[in-house]
Every structure is written in structure tokens, then in C-alpha cells.
Amino acid sequence: MSARRGAARAAQFDTSRVRFQIVLYETIMRNDNNPDRAPRIIHRMPVDAQDSTLPLPAGQRAGQRLFGRWWRRQSPTRQDRFATFGPLLSVLLFLAAIISAFWYLRNEEIERETDSVKRDAELTQQQFGLRLLQNQEALVRVAREVVARSIDAEEFVGQATTFLRQRPEATYIAWLDAARKPRAAQSALPFDLGIDNLGPRLILPAEGTNTASEAAFRRARDQRTPVYSRAFHDAQGSAVFQLQIPLIDRGGFIGVLLAEYSVVDLIRSHVPPDVARRHVVAILDENQRTLAATVTSFPGRELPRNLIVSDAPLTPVTNGMVLRVHGYRTSIGLISNTLFWMVVALSGLTVWMLLGTWRHMRRRGQIQAALVQETNFRRAMENSMPTGMRAMDLDGRITYVNAAFCQMTGFPTAELVGRLPPYPYWPPERIEENGRLLQQELAGRSPAGGIEVKVMRKDGTLFDARMYVSPLIDPKGQQTGWMTSVTNITEAKRIRDQLSASHERFTTVLEGLDASVSVLSVQQGELLFANRSYRLWFGGDARGHLRLAGGITPSGFGGLDDEAVDPLSGLPTQELTESSADAREVFVETLQKWFDVRARYLQWTDGRLAQMLIATDITARLRAEEQAAMQAEKAQVTSRLVTMGEMASSVAHELNQPLTAIVNYCNGMVSRVATDTIGRDDLVAALQKTARQAERAGQIIHRIRAFVRRSEPQRQRAEARQIVDDAVDLAGIELRRRNVSIHTYVAQRLPPLMVDPILIEQVVLNLLKNAAEAIDTAGLPPARRHIELRVVPRHTAEDGGTIEFSVTDMGPGLKDEVIGRLYEAFFSTKAEGLGIGLSLCRTIVESHRGRMRAQNLYNGESVVGCRFSFTLPVDPRERGEISIPPGTALELSVPAAPQEGATP
């Protein structure tokens with residue numbers, strides 16, 4: 001028996017047969033709304049891999065056994081990875097070998113080409129050097145004959161002609177003395193003959209210049225040896241260089257023998273033809289600029305530097321010129337490139353296929369890991385959620401319960417799994433009812449909204465639960481049982497009862513309100529809620545809501561047909577519901593009542609957008625306000641009359657001047673007419689002056705009547721400058737009587753105001769009058785008896801754009817206890833004052849949406865004056881009529897208080 005077990009155990013390690021078990025998983029992904037997504041085991045399939053039965057050497061069999069043991073110790077994921085990376089590594093190594101071979105061949109080719117270029121460069125350098133040395137020796141011989149005076153100028157020209165004819169690279173030969181003047185010269189060009197016609201291209205050394213020819217001349221003179229100049233361009237733009245051989249006679253310098261070489265002709269004549277066919281030969285100057293080459297480049301462009309280049313100095317010149325030979329790649333052709341790229345393409349295709357296989361296997365491994373993770377996640381989620389899960393077969397036998405279900409009922413898993421009805425968590429008094437519900441559940445007739453049942457815990461306590469049932473389907477699509485989720489709704493029922501009680505209390509409060517509360521659906525125009533006051537005033541339909549809303553609903557307040565367009569479509573509901581309530585006053589003619597209506601949007605309980613209106617009866621309040629306005633109007637008229645009574649003497653004085661002038665003009669005309677001493681022109685002039693005085697008196701009376709006349713307040717576009725001018729004209733009488741001067745400043749380009757000009761003129765007039773009274777009462781000296789009236793624009797974050805009127809005097813200021821009571825009705829610091837001036841001034845300003853303030857002006861700790869100021873908005877929002885009637889003369893018992901710390 002033990003021998004058989006050992007044989008079986010040994011057979012497990014037999015390399016002739018390897019058995020794998022592949023477990024395939026698939027994920028059921030029916031749709032995004034299907035919650036029954038879970039991995040299922042489809043089938044198991046054994047796969048046998050037969051090894052070769054050929055006998056193997058002992059060493060190979062031992063190595064194979066070691067490899068087999070190592071391979072079996074690896075995880076399936078690692079085996080798949082090794083199985084993929086093995087071929088991939090082989091292909092990469094093959095591709096690396098091919099690339100290395102091509103790289104080696106290419107380097108061999110470049111080395112051969114480099115050697116060829118170096119040889120040609122050395123050959124060309126030798127050719128140039130040999131030629132230049134031969135020329136230099138011939139010129140040295142000529143120079144010796146010149147020094148020995150064995151030849152004259154004519155013979156020199158003959159030898160120079162022979163030299164130039166035999167050497168095409170030389171263009172000029174000249175004999176220069178020590179002063180750089182030519183003694184004899186010859187050119188290779190047929191039109192350059194003699195000393196007087198050296199040609200336009202020859203550049204001779206000139207003393208004081210910094211040319212290449214001059215530098216070579218100085219070096220030859222100083223060094224007493226033949227000198228080659230730097231390369232330069234002659235007058236025709238050709239690249240040339242010069243050889244200057246010094247003439248030394250008995251140790252003294254007597255001149256030079258100058259020979260000029262053309263770089264282009266040197267390249268053209270002395271580069272070997274086979275070298276010119278294989279390579280590009282160029283001569284460069286010391287700045288690496290190409291002077292001449294066997295291949296001509298585009299004008300202004302340098303020859304491109306190739307991969308294979310060989311440089312050599314141009315000997316025996318040694319003036320910075322370089323001989324450069326460019327090599328070309330000629331051996332790598334189309335066949336070798338095609339072979340290389342074919343190998344690369346095939347290797348890349350193989351790598352791509354192996355990577356695709358590896359990615360596919362990795363994807364399979366990820367899917368398998370995802371399935372395991374999904375299973376673990378679902379199990380963890382099921383165990384962590386408070387909802388109980390119970391599974392049973394078609395016979396009603398419990399096959400599975402989760403931890404939440406056991407915790408909810410108090411029964412362990414062992415007491416529930418495998419039980420048939422009746423279950424232990426059924427209350428004894430509800431066994432029959434629960435059995436009927438179970439049969440309904442097994443028959444598949446459970447309602448979609450769930451079933452509410454009573455569940456008994458193990459300790460005997462009961463709780464309310466709601467059960468939802470769904471079928472269990474196997475991989476073949478057949479139903480195997482039922483899955484039930486159980487939720488404890490005891491707390492939810494308690495909260496629902498509390499919400500019902502709260503709703504009942506809320507409804508009771510709304511029904512007891514004296515205000516009308518109604519809610520209307522925006523889209524359908526349906527009245528969703530109305531309290532008792534609404535029903536009492538408007539009935540039970542939506543017409544009262546429409547009347548309070550101004551006759552229309554937010555979206556037309558009516559049902560929309562199929563082709564209608566919703567005006568509120570696309571608007572954000574959150575912005576509408578979070579907006580502040582809109583208040584307005586509405587008069588309902590059928591009820592003869594005024595209502596203060598506040599409207600806002602809200603989201604109804606079913607998600608619909610609705611509008612809520614709260615209408616409060618304000619009829620009694622408006623009637624009281626009308627009576628108060630009438631009383632205020634009477635007080636304003638009375639104030640103006642009192643003001644005009646105080647100004648009566650001054651008005652009489654103002655009217656006395658034009659009336660006296662009229663009397664004088666009339667008496668003078670009567671006297672001169674009686675004596676017949678007046679002409680027609682004099683009579684017309686006197687009558688015109690009389691008419692102007694009468695008009696002046698009429699204007700004074702008209703202005704006073706307009707100020708005192710009682711009229712309804714009327715808002716109109718008014719200019720601040722016109723209001724100030726009218727007020728200053730009226731106040732001028734009082735100011736002149738009290739010997740007080742006024743300075744007026746009105747800013748330019750002020751925007752117009754939407755005000756009642758008479759009311760604003762009344763405020764300005766009273767502030768000026770109060771300031772004059774404060775100065776006169778204090779008995780101030782003439783230096784301080786003046787008032788400043790300023791009208792300037794202001795802008796604040798709270799009020800926006802406004803226009804500020806300020807009246808500043810240099811009076812004694814206000815006491816602290818007076819500042820706190822300035823605007824109280826019937827409060828005055830004057831014995832004869834009524835105490836209604838500033839109160840009405842403040843009322844008028846605030847009715848125009850403005851503000852008024854008073855402040856003292858200080859110089860250190862001393863009060864040096866006061867300032868009254870009020871602001872009016874540039875573009876105020878209209879809110880009905882002005883509540884204060886126009887034109888009230890306001891009085892102030894003491895001057896306005898300026899700002900602390902300011903100076904007059």
C-alpha cells in the first residue's frame with residue numbers, strides 16, 4: 001500500500017505529463033441597472049501536455065528536473081509572464097544582433113572612406129606645396145638677378161611674362177622698391193600691361209594701411225625672408241594671396257618681388273582629377289570661410305560640412321589657409337538599406353505581436369483579479385450594510401443569511417439556514433398571516449414596493465420591517481430561489497409620525513394667520529396650497545393668486561399646450577429658490593383693500609417649481625400714512641408761510657427799489673412831457689427802463705408765490721445748478737440783511753436728478769437761512785461772516801452714485817446734546833422757532849432716497865463752524881409718489897455740525 005502511495009507521489013513529479021486545471025470566469029454584465037452582477041464558475045477543463053518520450057542524456061534530464069521544479073514553484077501569473085518575455089527577449093536579442101552587424105559594417109565603410117579622404121587630402125597638400133615651392137624658387141632666382149642688377153625692368157617683364165604663362169595660378173608679378181612704388185610689373189591678363197596699367201584687381205601695399213598686402217610687406221622687410229600674405233579679396237571679389245620676396249642688397253632692404261596667386265586657379269589647376277571626382281576639395285581662410293572649391297555652392301552659402309572631413313594646412317603658405325577634403329558615402333545602397341529595414345520591420349512586427357499577446361494575458365489576469373476583488377467587495381459590502389439578506393429555494397428553505405440579518409433578528413446562522421416555515425422569527429400570533437405572505441412571495445406576486453411585516457427577535461421583542469423580494473437566476477437562466485432584503489423601519493415610522501404631527505401643527509399655524517398664503521405651480525398654474533385667509537378673501541381657485549401676482553404667473557401662470565414654450569425653461573431652479581422675496585403693494589378693487597404682497601419661488605414637495613405669495617392687509621396702515629402726509633403737507637405750507645413772514649421786511653425792501661425806480665421814471669417823463677423837452681428816443685429809453693424795473697418786481701413776487709404756493713409733489717428731471725441758483729436768489733435777501741456773504745461751487749457735468757425741485761430748493765434755502773442766523777446770532781466779525789455751498793458728486797459702496805449738497809458756516813457749532821435731538825419734531829434752540837424745520841428737511845431728503853447729516857468743524861479741540869450735508873441718488877428707484885408734499889420752509893435753530901478734525 002505504501003509502495004503504491006510512493007509510486008503515485010513520484011508520478012506527480014514525472015516530467016512526461018503535466019496537468020493543468022484552468023478555471024474560467026466570466027462576468028455577467030447585462031446592463032448598468034442590473035444589480036445581479038457576480039462572477040460565476042462556468043466549467044473546469046483538464047489539459048494534458050504530452051512530452052517527448054525520446055531518451056535524454058543524464059545531465060540534460062537532471063537540468064530538466066531542476067527547471068521543472070523551479071517552474072512549478074512559480075505562480076501561474078509568473079509562468080505566463082516568463083512564457084511571454086522569453087520569445088520577446090529572443091526577438092530583441094536577434095534585432096540587437098542585426099543592428100550591431102549593420103552598425104559594424106557601416107563603421108567599416110566610414111573608416112575606409114575616412115582613410116581615402118585623408119590620403120587624397122595629403123596628396124593634394126603635396127601637390128599644392130610642391131607647386132608653390134617651385135614657384136617660390138623661380139621667383140627667388142629672379143629676385144637675385146634683380147639684386148645683382150643683371151637684369152633691368154624690360155628683362156624683368158620678359159621673365160615675368162614667361163613665369164605667368166607657365167603657371168596659371170599666378171595672376172600678377174611686380175617689382176616694388178623700398179618705398180612701395182612699382183619699378184616693373186606684369187599681369188597674366190592680356191589687358192593689364194606695364195607699370196601704368198597694373199589692372200584694377202591688384203592691391204599693392206600702402207604705408208599706413210592695415211591690408212593683408214601691407215602686413216606681408218612689413219614682415220618681409222623685417223624678417224628678410226619670403227612671406228605669404230593672408231587670403232583676401234581683390235577689387236573684383238576674387239580670393240587671392242600674395243608672395244613677397246625681400247630684395248636685400250649689401251644688408252640693406254631695397255624692395256620686394258611680389259607675386260599674386262588666385263585661389264580659384266590654384267584649385268582648378270593643381271587638384272588631381274581623380275581626387276576631384278571622388279571628393280570635394282576646398283580652401284578655407286583662417287575664419288573657416290570657403291575661398292574656393294571644386295564644387296561651386298550657391299552665392300552667400302558655405303559648403304555643408306559632411307560626416308567625413310579631412311583638414312590639412314596649405315603649405316608652405318602658413319598664413320592660416322586650410323585645405324579641406326569632404327568625403328561621400330558610396331558603398332551603402334538601396335539593397336542593404338532595404339534589407340536592414342525589412343529586418344527591423346519583421347522584428348518590430350514580432351515584438352508587437354508578442355506585446356499584444358502579453359497584454360492580452362495581462363488583461364485576462366486583471367479580469368480574473370477583478371472578479372475576485374468584486375466578489376470580495378460584494379461580500380464585504382453585504383456584511384457591512386445594515387440591510388438583512390435572506391436567500392431561500394423554491395420550497396421556502398432558507399439557504400443563506402448575512403450577518404446583518406442575524407444581528408437584526410438575534411438568531412445565529414446555524415439556527416436559520418436549512419429551516420422551513422414557520423421560521424423562528426415569526427411572531428406566534430402572526431404565523432398564519434406570514435404564511436400567506438410567504439406563499440404570495442413564492443408565487444412571485446410580491447408588490448414592487450415591498451411588504452411591511454412584524455419580525456420577532458430571539459428575546460421576544462418585535463420590530464417593524466419592510467421586505468423586498470427578487471428572483472435568483474442560475475447561469476442557465478433558470479430560477480433557483482428568491483433573495484429577500486429586510487430593512488428595519490421602526491425608526492423611520494416614528495419619524496414619519498413626527499413629521500405628520502409637525503405638518504399638522506404647521507397647517508394649524510398657517511390657517512390661523514391674518515395674512516393670505518398661497519402656493520401656485522409655475523408650469524401647470526395649479527393652486528397647490530391656500531390658507532383660511534386666502535379662501536375667505538379669494539375663494540378656492542387660482543384667480544386670487546393671479547390678481548395678487550399682477551395678473552400673470554411666473555411662466556404665464558397657466559397650463560402649457562404641446563406647442564407652447566416654457567418661459568422659465570433653462571433657468572437654474574436653485575437660483576430662483578434662493579432669491580430674496582419680492583415685495584409689492586397691490587390694490588384689489590373687488591375687496592377695496594390694499595395688500596403688501598411678497599413673492600418667492602420654492603421647490604414643492606414633489607419637485608415642481610412653485611411660487612408662494614404672502615399677502616398682508618395694509619389698508620388701515622396706508623390710510624394712516626395718507627392722513628400723516630396731509631398733516632405734513634399742512635406743516636410744510638405753514639413753515640413756508642412762517643419763513644416768508646420772517647422775510648417780509650426784506651422782501652419789502654427788495655420790492656421798494658424797483659417800485660421807487662418806476663415812480664422816478666414816470667415822474668421824470670411826466671415833467672419833460674409837460675414842458676415838451678423830451679424826444680422820442682429818450683421817451684422810449686425811459687419806458688424800457690420802467691418796464692425792466694416792473695419785470696424785476698414781478699419776478700420777485702413770482703418767485704415768492706412759487707415757493708409758498710401749495711402743490712402736489714412732482715418728480716421731474718432737474719439740474720442741481722438750477723436748484724442752487726433759485727435757492728441762492730431767494731436766500732440772498734436774508735443774507736444781505738444779515739450782512740453774510742455766500743460762496744457757491746457746483747461741479748461741472750453733474751448728471752440730472754429725478755426729484756421735486758421745489759422740495760430740494762426748500763431744503764437748501766432753510767439750511768442757508770439757518771447758517772446765516774447762526775452767524776448773525778453769534779455776532780461774528782466780518783472775516784467769519786460767510787457761508788460755503790458746495791455741490792459735488794459722491795460714490796459709496798452702499799449708496800452707489802450720489803450728488804452731495806453741503807452748507808458750511810463758520811458759526812459757533814452745535815452742542816453735543818443738540819446734535820442728538822436735531823431731527824425731533826418741535827425741538828428748536830430758538831425761542832421763536834417752531835421746531836419742525838430740520839425734521840421736515842430730513843423727511844424730504846429721505847423720501848428722495850437720500851441721507852442727511854450734521855457735524856461740527858474742529859481746529860484742534862476748538863469748534864470753528866458746522867456743516868449740514870445731504871445726498872441724493874443719481875438714478876433713484878421710483879417707489880410711488882413722494883410722501884412729503886412740496887415746498888416746506890425749514891428752520892434750524894443752530895448751524896450745522898461739521899466733521900470733526902476739519903478746518904473751515
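User: How many bridges join strand β27 to strand β29?

Analyst: Strands (E, at least two residues) and helices (H or I, at least four residues) are DSSP runs, numbered from the N terminus. Two strands pair if DSSP finds at least two bridges between them. Here strand β27 (residues 800–809) and strand β29 (residues 862–873) run antiparallel and are joined by eight bridges. Within β29, leucine 872 is the bridge partner of isoleucine 803. This is a predicted model, in which local features need pLDDT of at least 70 and side-chain atom pairs count only at pLDDT 80 or more, while totals for chains, interfaces and linings use all residues. Residues are numbered from 1 along each chain as its sequence is written, and side-chain values use heavy atoms, with hydrogens and water left out.

User: In what order do the five strands of the open sheet stand?

Analyst: The order is β24-β26-β27-β29-β28, with mixed pairing. Because β24 (741–746) and β28 (851–859) stand at the edges with a single partner strand each, one side of each is left without a neighbour in the sheet. Direction ignored, neighbouring strands of this sheet are turned by 25° against each other on average.

User: Which strands does helix α18 touch as it packs on the sheet?

Analyst: Contact means heavy atoms within 4.5 Å. For angles, axes are lines fitted to C-alpha atoms, for helices over the stretch in contact, and the values run from 0 to 180 degrees between N-to-C directions. Helix α18 (residues 720–737) touches β24, β26 (786–796) and β27, and its direction makes about 180° with that of β24. Helix α19 also packs on the sheet, touching β24, β26, β27, β28 and β29, and its direction makes about 135° with that of β26.

User: Is glutamate 773 buried or exposed?

Analyst: Buried means under 20% relative accessible area, exposed over 50%, and partly exposed in between (1.4 Å probe, protein chains only). Glutamate 773 belongs to helix α19 (residues 757–778). With a relative accessible area of 7%, glutamate 773 is buried. Its side chain makes a polar contact of 2.6 Å with that of lysine 769; such a contact is a pair of N or O atoms within 3.5 Å, where within protein one must be able to donate a hydrogen and the other to accept it, and residues adjacent in sequence count only if both atoms are side-chain atoms.

User: What is the order of the four strands in the other open sheet?

Analyst: That sheet has the order β10-β9-β12-β11, with antiparallel pairing. Strands β9 (residues 280–284) and β12 (residues 322–327) pair over five bridges.
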